[in-house]
Amino acid sequence: MQMDYLILAINPGSTSTKVAVYYNSKLVKEQTLRHDVEELKVFKSIIDQADFRRNVIIDFIKEHDYELKDFDVFVGRGGMMKPLKNGGTYLVNKEMLRDLRSGEYGYHASNLGAILADGFAKEFNRPAYIVNPVCIDEFEDISRISGQKLIERRSVFHALNQKAIAMQFAKDIKKEYKDLNLIVTHLGGGISVGLHKKGRVIDCNNALGGDGPFSPERTGTIPTYPLVDLCFSGEYTKEEVKKLLVGQGGLVSYLGTNDARVVEERINAGDQEAKLHYDAMAYNVVKEIGSLYFAAKGEIDGILITGGIAYSDYFIKYLKDHINPIMPIKVYPGEDEMRSLAEGAMRVMLKQEKSQVY
Ligand SMILES: Nc1ncnc2c1ncn2[C@@H]1O[C@H](COP(=O)(O)OP(=O)(O)OP(=O)(O)O)[C@@H](O)[C@H]1O
Ligand SMILES: CCCC(=O)O
């Protein structure tokens, strides 16, 4: 059995495409290729971005003197598919690609993970996988109840990173993930706050359309009656309304950017509008963490903060000022998604784990 593998990990996010080369579990090269709102605006749908993101990845590969045929395995972030009861590594198959392309379960940048990995893999007859997709569903029944029988709450969140960070924290304190109760907050283009009870994410805001805090580019929970009025105003198509909620919501709608660093530059230059809306985003994150803290009766072993915005001293100070008096937060800036993708693929290649079938 071959024991050494060169892996290409592909992680399409709402504001970036992250690409990494791993030699077995060892990181060789990693790059975050950022996409401006304007750059992505020209595409009608996320699936239409496939060629654009594929070319960006090919440029990365060439720049680092690799060729596609050098890779033994391709692994992508998993997207919006039917709810999956089991976490882990899934082989990309036809049914999965069909659901990701059709958008039957929704569209998100991560739908492109399997599509791009499969496209590369097919050229050289290599396998393509996804790991812990955003549709992992470990909700308890009580978390599904929305308040309207026709609408059920769904588990859609940054499963790959939330789980990776939760496991990292468990390791740091020399405990097992399955023995801990945690609140994990991912602060990216989208924001998710999950309640992890003994290794299962039993509640979480739906990071994609959406409840919970607003994010750099999404509304999260908004007043429902005005939303109904907006839908029936005749001014917007269904797709346009969805875009107002995801893509053109949150900071984008107030400040015209999804880049928290740009917002902070404006705050530093004295822009009060920027400060008000950025603080409001932090305020809403605090409220979400607080609600899960009490939902868990305060029996929480750690409150963890991760994602791109966790690099921000300003944002973290706001969270600390509000949360630390109850329980000190633990900050893991950025994400561990690329390593999680590579390790998920490795476990299957080394036959330590069987890949799951979608
Ligand atoms: N040093 C920093 N200070 C403040 N904000 C930052 C910093 N670095 C990145 N960010 C912000 O983090 C956000 C992007 O986070 P991240 O890279 O985790 O998201 P993504 O992968 O594009 O989307 P998602 O995580 O929702 O899939 C952007 O708003 C970006 O401006
Ligand atoms: C589930 C949402 C993932 C993202 O925001 O990127």
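Student: What makes helix α4 (residues 111-123) largely enclosed by the rest of the structure?

Tutor: In this helix, 11 of the 13 residues are buried, so α4 is largely enclosed by the rest of the structure. A residue counts as buried if 20 or more other C-beta atoms, placed from the backbone, lie within 10 Å of its own, as exposed if 12 or fewer do, and as partly exposed in between. The model is a predicted one, in which local features need pLDDT of at least 70 and side-chain atom pairs count only at pLDDT 80 or more, while totals for chains, interfaces and linings use all residues. Residues are numbered from 1 along each chain as its sequence is written, and chains are lettered from A and ligands numbered from 1 in the order in which they are written.

Student: Which residues of α4 are buried, and what do they pack against?

Tutor: The buried residues of α4 include N111, L112, G113, A114, I115 and L116, and among them are also A117, D118, G119, F120 and A121. They pack against β1, α2 (50-63), β4, α3 (94-102) and β6 (128-131), where contact requires C-beta atoms within 7 Å. Just after α4, N125 takes a positive phi of about 55°.

Student: What makes strand β1 (residues 6-12) largely enclosed as well?

Tutor: Of the seven residues of β1, six are buried, so this strand is largely enclosed by the rest of the structure.

Student: How do you know that β1 and β2 pair, and in which sense do they run?

Tutor: Pairing asks for at least two bridges found by DSSP, and β1 is joined to strand β2 (residues 16-23) by seven bridges, the two strands running antiparallel. They form a hairpin with three residues between them, and L6 has Y23 in β2 as its bridge partner. With strand β4 (residues 73-77), β1 pairs in the parallel sense over four bridges, A9 standing opposite V75.

Student: What makes the size of the protein agree with a compact globule?

Tutor: The rule takes 2.2 Å times the number of residues to the power 0.38 and compares it with the radius of gyration over C-alpha atoms. For 358 residues a compact globule would have a radius near 21 Å, and because the protein has 20 Å, the two agree. The C-alpha atoms fill a box of roughly 55 × 50 × 45 Å along the principal axes, and buried residues make up 44% of the 358 residues.

Student: Where do the domains lie in the chain, and how many residues does each bring to their contact?

Tutor: By an automatic or database domain assignment, the protein is divided into domain 1 (6-136 + 337-349) and domain 2 (159-333). The contact takes 15 residues from domain 1 and 13 residues from domain 2. The side of domain 1 that touches domain 2 has five nonpolar, eight polar and two charged residues, the nonpolar class being Ala, Val, Leu, Ile, Met, Phe, Trp, Tyr, Cys and Pro, the charged class Asp, Glu, Lys and Arg, and the polar class the others, Gly among them.

Student: What surrounds ligand 1, and which domains take part?

Tutor: Ligand 1 is surrounded by 20 residues, the closest being G13, G188, G189, G308 and Y311, where a residue is near if its C-beta atom lies within 6 Å. The shell divides into four nonpolar, 12 polar and four charged residues, and it draws at least three residues from each of domain 1 and domain 2.

Student: How many residues around ligand 2 are charged?

Tutor: None are, for this shell divides into five nonpolar and seven polar residues and no charged. Among the residues surrounding ligand 2 are G13, S14, H108, F157 and H158.

Note on methods
Two residues are in contact if their C-beta atoms, placed from the backbone, lie within 7 Å.
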